[in-house]
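Biologist: Can you put the model up? I'd like to go through it with you.
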Amino acid sequence: MNLTITNLDLSRLADALKVTLAKHDGGKKGYWHPPSRTITTRRGLSIAEYKSTLAHEIAHAFHGDTPTGDIYSARQEARADKWAAHLLINPREAVKIIVAYQHPKSAAYELEVTEHLLTVWLKNNPLLKEAP
């Protein structure tokens with residue numbers, strides 16, 4: 001049973017939240033623009049970067065985050081990372097892959113998420129904290 005979240009799943013989630021998806025060249029990997037309810041992602045991202053970035057920005061939309069000045073607060077960013085990691089990473093699949101690969105970068109590649117998002121997931125996963 002494949003429980004991987006696909007790009008189409010993320011697009012449908014954005015639609016359900018009434019968020020428009022767009023692309024941009026250069027600059028930040030992604031950005032949530034609350035007034036227009038638009039998420040824009042940079043062209044040329046890897047699959048892992050795109051999925052991780054889009055899920056992170058969808059988290060901002062889901063929570064109704066608004067920038068403070070030109071950036072989001074550290075608290076909003078941490079919550080968006082945690083939400084995206086929880087959405088994209090299936091615990092059973094992740095544990096199997098982490099055990100098999102023994103290296104975060106390789107495991108993240110196989111899970112189609114960034115190493116950063118995998119690290120966030122590892123720090124926040126209670127199942128792993130209880131493991132021997």
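Biologist: What does the accessible surface of the protein come to?
Modeller: The accessible surface is about 8,100 Å², and 57% of that belongs to carbon and sulfur atoms. Accessible areas come from the Shrake-Rupley method with a 1.4 Å probe, and for residues only the protein chains shown count as cover. This is a predicted model, where local features need pLDDT of at least 70 and side-chain atom pairs count only at pLDDT 80 or more, while totals for chains, interfaces and linings use all residues. Residues are numbered from 1 along each chain as its sequence is written, and side-chain values use heavy atoms, with hydrogens and water left out.
Biologist: And what percentage of the residues are buried?
Modeller: Of the 132 residues in the protein, 37% are buried. Buried means under 20% relative accessible area, exposed over 50%, and partly exposed in between (1.4 Å probe, protein chains only).
Biologist: How many helices and strands?
Modeller: There are 7 helices and 3 strands, in the pattern α-β-β-β-α-α-α-α-α-α along the sequence. Helices (H or I, at least four residues) and strands (E, at least two) are DSSP runs, numbered from the N terminus.
Biologist: What's the strand order in the sheet?
Modeller: S1-S3-S2, in an open sheet with mixed pairing. Two strands pair if DSSP finds at least two bridges between them. Strand S1 (20-24) and strand S2 (30-33) are the edges, each pairing on one side only.
Biologist: S1 and S3, parallel or antiparallel?
Modeller: S1 pairs with S3 (residues 38-42) in the parallel sense, over 5 bridges.
Biologist: Switching to H5. Which residues are buried there?
Modeller: In H5 (residues 104-111), Ala107, Ala108 and Leu111 are buried. Seen down the axis, the buried residues of H5 fall within an arc of 100°, so they line one face of the helix. The arc is that of the directions from the helix axis to the C-beta atoms.
Biologist: What covers them?
Modeller: The cover includes helix H4 (91-101) and helix H6 (115-124). On the other side of H5, Lys105 and Tyr109 are exposed.
Biologist: And just after H5, which residue takes a positive phi?
Modeller: Glutamate 112, with a phi of about 60°.

Methods
Contact = heavy atoms within 4.5 Å.
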